[in-house]
Structure formats: C-alpha cells, structure tokens
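Hi,

Here is the structure for your files. My notes follow below it.

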Amino acid sequence: MAKELLTLDDATTCTSWNFSGTRLAAASADGTLSIFDSRNPPSSSSLRSTFKFRVLEGNIVKIVWVPPEYGDAVACISADGIVSLWEEVAEDTQSLQWKMCKSFGNSSNKVLDVQFGISLTCLKMVAAYSDGNIRVFELLDPLELRNWQLQAEFQNVIESVSAFGKASCLSASISWNPQKGGSQESSFLIGFNSNTSELNSSKVWEFDQAHQRWLPVAELALPEDKGHQVYAVAWAPNIGRPYEIIAVATDKGLAIWHVGLNPDHDGRLPVKRVALLSGHEGMVWQMEWDMSGMTLATTGEDGMVRLWQSNLNGVWHQQAAFEPIS
Amino acid sequence: MPSDTVGNGALVPFSGDPPAVYPLHHGLAPPIRRLSISWSRGNSLRLSLFAAAATKVVEVKLTAEDPEISDAHWRRIAYGSVAPFALLQSRRSSLSALLKTPSPYHSDWWENVLQYSKEIGSLLGGSKLPPSPIIEDSNTIVKSGEEPTSMKAAWELIEIFYVDKQSQAWLPERLVDWLADYDSLFTSTYETIHGKLVDFQKELVNIQISHFLLEPHSIWHQVIEDDPRYWDLLSSALSVGWLEIVVKMLRLHGSYQLDQLSNREYHCAFQAQLNVKSKTIAVTVSKFHLENGLVEAVAVLISKMPRLCPESVGKFGEFYKSKPDFIKPWEKWRLQITKLDCSPIWIQCDNQQTREGLRNLLQIMLGNTDSLCMATCYWIELYISHFLYIRPFTMGIESMYNLAQKCIQLKPQSNTHRLARLMIGILEENTEVVLAECSREFGPWLVAHAIELLTAGSEQAEILLHEERYNLGGISIVELHRLVYAQILSSHTLTWQIAPIYLTSCMKQGMGLLENLLSRQSVQHNNVLLKNIEICRLYELDHISSNIMKIAGVYRWKHGHKGAGVFWLQQAEDASCLDRIAQQLFDSVGKSISDESFKQWEGMIELLGSESKHAGGLEFLHKYRDFKKSLQKVSGRKSTDTARQAVGSLILLMKNPSTPQRFWLPLLYDSLKLLNWKDCPLLSVSETNLLLNKLQDLSLAKLRPHYSEPNLPSDALSSIRLALATNLGRAILDE
C-alpha cells in the first residue's frame, strides 16, 4: 500500500511538497535546505537532489512553499524564529540557482508560522510572532520576491481594547482560505498556543477594502472554550458547498466547523461547530485537507496518521488510521 | 431500514468503531519522532517519517486494489468505461431536455441503460464463459477458461435485478445462469459445488489412468458409480441446474461402456468358473442392461426438464418463454418423474449405489427439501435450487428476500462472501445497502458506474440518489460517488486525463474539483501544460487556464527562458507581470546599451509586441529599437541617407514625451557620430535647439533628489554639448 519515494538522512527535521507535488523541500537541524525533483516527468516516484545549501543558522522547523504564481520559492522557519525566503532563479546568463530573497524575525520576537495567500492579484504573507502579533506583508513586484511591504500588524483578538500582559506564544497555526482569484477578498484563519487565553482561539480575518484594514469576521470557539490552546488549523478547499469547512485542533480535541458564506448584520460570518472528535492522544501536529475538502488527514503526538470524513448524514468520524510499524 | 444504519451511512462505508487501523511498514528503527503529511493529487497521501537514523518519504494510495484485477487491466477498464458513460450522460441530458423534466425516468430508458450495462460488462472480462458444462472430451466435466472476476459477477447481478426488464419474467433462470458462471468465485470463502467438481475431475483422470495401467479384473473396483462422490456430485450439479454436467456425468456410468460390460462379463465368467451356472451370467447381463436403462431414463428426464426462459445454445431442457406455456409441461414432467420414482422396476436393480443415486436425483427433481439441502454447499446454491425445483413459478423479486433468509438459516456460514452481501442488499430492495456494499467491497469505480443501473429500475431510487443533500454540501449521492471516483482517477498520471469526463457530469461540485485538479498540475513540461490548457478550453475554464499560463510564464521567466516567459504571460494577459518585465527592460536598456545587450533585449521587445497596451513604456522601446537598428546601419557604412534616417529616429525619440528622461543622455551619447557627421550637418537648427533644450532640462533635473547618473564616461556631457554646438554652427551656415 505504501510506496517508498525517498530516504533522507538522520538530521532531517521537516519536509514539504510543492503545490503540484513534483518537488520536495527537506531541511535539517543544521539549517541546510535540500530540494529534490522528480527525475522523470510522468512519474513522481524517483526523486533526485538538485540543491543543497545551508540557508539558516540553526534548526529549521518548517518549510512553506510560495504559491507557484510567484515562482519556485520556499520560506524556511528556524527554531530561533527566523524566516529565510529562498527562490530558484536564473539571473542573466547564470545558471539556475537558489538565492535568498528575504530574511526576517529574530530570537527575541520569533516568527512561529508563515503562510502565503493570494489576494486579488497580490501575494500576501501572514506571519505569526511569539509576542502574539500578526503581521501581513504584501509583495510589491510580482516578479521580485525581495521587496515586501508591511501592510498591517495586529493581534489575534476580537476586541482591540482588551488589555493583557506580555504574551508568550509557543506556536501558531495559519491557514488561508484556499479559494483563489475571483473578486472575493481573501481571508485567513489563525490560532495560537499561548499563555494568553484571549489570543488563542482561532479567528477568521478578512481584509476590509473600504477601510483598508483586517477585520475578524468569525471566531471558531464556543464561549467556554475560547482560552483553549490551538495546535493546528486547516481551511478546507470548497468545491461548491454552500458553507466553508474548517478544522481546528485544540487540547480539547479536533473540531469541525461550518462557516457561512455571507455575513450577518454585524459583519460576522455565522459559524457552527458540527463535530468535536477525539482520536489523537496529546498534541495534533498537522492537519491537511484533500483537494475535494472531503477528507481530513491529521498527525499527532500519538504517532498515528488519521483520516476523517463525514458520512451521508453529516456525521464526522474517523475513517481510518495508519500506524507506522518498522 | 433507516439510512443511518446503512453501512453507518458512510461515504466510503466503514465497519463501525473502532476505525480500521492499517499498518504502515517503513523499515526504520523506532521510535518515529515526527510525522508529516501532504496530499498529492487525488487520494494519494504522502508521508514523511522522521526516525533517529533516517527519514523516509512514502506515498500511500488510499484505495484498496481489487486483488482479482491487475493495474493494467484496471486502466483498460477505466478508459473503456469512459465512452459508454459519456454516451449515457448525453442521452440522459438530451432526454431531459426533451421531456423538460430533470429526471429522465421514461418507460424506454432502461434500454439505454441496458446497452450501457452490456458495454461496461464486456470490459470486465472477455466473452462470457459458456456455462461450465460444455464438454468435448469425456474427461472434462468442468471447463476451465478465463477466470471470472467478482467485479463482473457483481455487475451482472445488478444488471439482472435492476436493468434488464425484458428478462424479469425469467429472473430465477437468469440467477441459475449467473451461479453457473460465478460459483467458482465463492470457492475462496465456502465449499462450493464448482470446487467439488473440479476436485473430482482430477480424481477422474486418475481413474482413467488406472484403467489403462491396472489389470482388467481390478477395474471392477474402480468403476465410477462405486465412488460415493460420483453420486454426491451428480445430485449437487442437478440441484443447481447444471443439467449438461449431470447428463454428461451420468453417461460416464459404467453401464454405458462396452468394455465395462465385457469387464463385468469377465467378472461373471470368473465367478462362473467358481461354480455359478451360466444362467446367472445371462441374468447379470440383463440386469446390467436394466441398470443402463434406468440411468438413461433419468438422463432423458433431466435433459427434458421444462425451463422458463428463452432457448440458448448448449443449454439442456425444453424452453418456454411465458409462464402459462410453461406450467403444463412442467406438471407433466413432474408426473413422469413421480411415475418413475414409484415404479417397481427399482427392485430389479441390484447395484445399490446406482439405485440409490438415481432415486436421489429423482428426489431432487421432485423438490425434496432435504435432498436439496444435502446436495448444495452454501446458501446461494440452496437458494437457486429452490427456484428450480420448489418454486418454479416464482416471478419478480417479491418474496425472494424471505426465501433467501430461510436459505441462510439452513446453511449458516461464519464468513460472508462480498457477492453474497451484495445479493442480500439487492434482495432487501434497499438501494442504500446496495451502494454501501458496492462501495465497501468493490470500490469507487463500480459505484460510480453501477449507480446508473440502480436508478434505471425505479423512480424511487432515482429520487433517492439524485436528491441534493445539505449534509453532503448540497450534492446528491450520485454526484458524491462520481467525485470520489474522479479523485481516484486523478491520483494516477495515466488516468487523470479522464477524470474531467466524470467531473463535468457533476452539476454542483464537479467543476470546482476539476479546477483544483487542473491547478495542481505541474507546468514545468510543455506537453502537460498544453494538455492542461486544452482541457480548460474544452470546459470553458478561462480563469483557470489563464492562471496556469501565468504560472507557466513566471516559471519560465524566472528559470532563464525569458522569451517563453513573456509568451505565456501574454497568453495569460497578466498586465502586472508584463508591466514589470517592460520596466526591467527599461532598466537594463537604461544601464547599458552595448551591442551585445541590444541583441538580448531586442528579441524581448519584439515579443512583447506593440499592441500590448499594458506595458506602458513599450512604445518607447520600439522606437528605441528602431533607432538602434538605424544606428547600427550607419556604423557599417558611410551613407549620409542612412545617417539621416537615424537622426530622424533620434529626433522622434527625443520629441516623444514617453521617452524617459534618464534615456536622454545615453541616447545623445550613442548619437555622437551623427552629431559630428563629417559630410554635412545632419540636424537642422530647430532640431539642434530641441536637443540643446533637453540638455538644459537634464542639468536642472540633476539638482533634484533621486536623480540617477547614467553609467557614461565623465566627459560624455561635454562631448555632447560640443558636438551639438558644432552642429548648430554648421546648420546655421547651411541654412
């Protein structure tokens, strides 16, 4: 059932496939980034290394691919909270190379997660920081990944007046609405795992074109659960449902939410938690929706891969699990 | 049955709590410290397993493969089913348009579905095997041919019950044929009559061999009718209606064989030698003829069995197409059997095995429940025997379910074969169970295609399966299963191209999934890219194709294929990228205008074209190119005419407001040769003044911030000024 594609060395800390699943980026504890490409176009089964370089000081914990509309580029996030953006380009007469475009974040204010989204015709990058701040950057030149402009900076709270002490966040999870293009302003979802309960709950942020600012349009937590630490969030692709589906993993379990498409009178999107599922014991590491948005795959501290689906009556359940066995 | 108990109502039915846990063998030394997941196209999931010694990247296909069907055969089925499916969809939509109703439930609709069903069925296996009993050579009882598949058996079963209205009247006989074709499939789970026959056949060969090898007198102990399994198998084969096999096997009976007769005579003579009178020999021989007569009488009765179905080649029996025609001959036939059964002649037959064996066959034909139960191995065989001998007049599906329940009780089994579960679902007349069984046991291909058969029979099923459900995100069950199947197709590089056929038949979400599928294709290779764009064109997905072309353009531009990059960005009509490219050209042109770099960007300007409204500065670049070209001509020759043309281009450029200021100095510096033309002044007074004014403007601009000094020799400005002054002086004199 499982076909082996590649074996990597022991120092490997994270991997990430590009959007079309033809390139794999892998990073190591010493800050080395490696790129593997399909050898043979029609089959993705054999991969060869095409690039290997030390891109960061220290342990790389996450790699995020930039949408292909903006080239072949990855953002590497280190355990020290530094992001390094690398791009594959052939400049002038030189051969193809990976080059650094941008680096940001520092050890006192770490970047916890970065995700890219396309809004209208512009590439945006959302970064979540360890002090609980969210920064949205905008790419100025579509062909140039060096020039980013800070578009907005805010905290993951609904009421901006609420005061709390200095926040310290362990992790954050961001997921853009996968719907691209069209006239719709894009939106993203973010949740924190922090010591400040106001920051934690996942919220959907949407850009308000008229007032040029980001607004929280939905909060995905029941009133009694708002302080729960969020481990991972994932926005499902919507291929035509009359509502959005979002998965949020907290220390309470895995919640599936339906989010309405049209805001009510106060500008909020109607939300409904349709399931609270248990399965992974402990932390959920990662959640990924398949391309139809019908199956959710998750991994977690229990070392299992679990698949979740809804049945014909809309009841969510664990469909299958994979247990790694040596 | 409420739908929530149907396979737990699952999309892909699951077997309840806890969920199935599949082992993922990775061969790494534990522990696994981290796992990461990524969906590839369709339903293949890629995992990275991080262990202490190494990290492994694996791909997991989430659809279980049918063990009976190879990958290559699967792809043949997948490709082969596209055309019948598409044809049926187009017929459905044209019929809907004609009737102006969404549901094409129509009295003749099933004929279209039947044609579809036959075409799909033929993909699942070669020509249908003739019912096993065709025998050419006396050794072969069961013909071994192409292995039937459960998939084909399932398909035919659905076809029999849901589609083929014409043969509804002889449904039981169709089930008899079905079992004859597919009984071997059940051998993996149950003991079957087919399995027993195959085993016996091997033995039979041994008997034949020993016939040749052993001494004639020892044959006496090897005759077939002495083997209890012979009679056992005869009754089994008869119970499920394999008349051809039964008749053939009966004719293997020793009493038919001349050499056998002589063997017996020999045996008798042998006995006679041991003091039996010759009269006894005569009696033995005549009894032997009687035995043969009885066997033959039974064989004739069997081969004359009236059957309620159309005649078919190679099939034994007398055929009646309608029930009224069938009843009388049936009763007459049964009477003949009863008569034979009650005849005193049996007392004269002193071969006990033959006598009992034959009378048991008569009991089977008389519908003796115990005999049938003894003769059959598992419930479906028993079920079929009921139709043949106990309820020969059954029509339609009514009460068939209760009978099935009764047979299951009589033949309880610990395991249930997947075809048996499907059959129960069908007999229950529960479409949802049937779908759930198809999905669980036979996979998405069968469900997506068989759903057409399920709706052909009933308006109720049509409504159930086409009803849009909020819980499914506003789609129907039909659409759901097509989406699931299309996703399977999408996960393989050799089949993704046919996924659009199924997706476009999904009214609500098919296009959305198709868009996602197309967007995930790699743009790196031209053939895939062109195929992608072609699919977009076919389904009018302009926004997707322009996005694909943009990705292709950016990829090529950034990977050093500037020309191809511009081409695809133009195809995508991506204004912002093209603007940026024009800007970059400007910048590179502004920096240096050596002849080599001219060659590089000249092609680019050509490509960008003048009609590109978006690239604002392109008009300038075109004029600039014309100027550079004429300048190159001048450097080659000494012709004043060409020099004048070049000057014309220069003046046009300098007059044009779209010429950026930073180009003024480089332009003039490039034109020094023209300004210092030896033969005559090439610029008029007014033209020279224009250029001098531009120089004046430039010196003012220098004072402003952000002025960037062009990369020219330090004396450039002064030499231009001098050349212009000289030209002005000569022009004034000339004029």
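Contact here means heavy atoms within 4.5 Å. By that rule, 79 residues of chain A are in contact with 87 residues of chain B.

This is a predicted model, in which local features need pLDDT of at least 70 and side-chain atom pairs count only at pLDDT 80 or more, while totals for chains, interfaces and linings use all residues. Residues are numbered from 1 along each chain as its sequence is written, chains are lettered from A in the order in which they are written, and side-chain values use heavy atoms, without hydrogens and water.

The interface

Chain A and chain B bury about 7,300 Å² between them. Buried area is the accessible area (1.4 Å probe) that two parts lose on being put together, summed over both. Carbon and sulfur atoms give 61% of the area between chain A and chain B. L143(A), M291(A) and L312(A) supply 13% of what chain A buries against chain B, more than any other three residues.

Three salt bridges are counted between the two chains (a side-chain nitrogen of Lys or Arg within 4 Å of a carboxyl oxygen of Asp or Glu). One of them pairs K558(B) with E87(A), with the closest N and O atoms 2.2 Å apart.

Chain B

Of its 735 residues, 53% count as buried, meaning under 20% relative accessible area (1.4 Å probe, protein chains only). Among contacts in chain B between residues at least 6 apart in sequence, 66% join residues at least 24 apart.

Best wishes

Definitions and conventions:
Buried means under 20% relative accessible area, exposed over 50%, partly exposed in between (1.4 Å probe, protein chains only).
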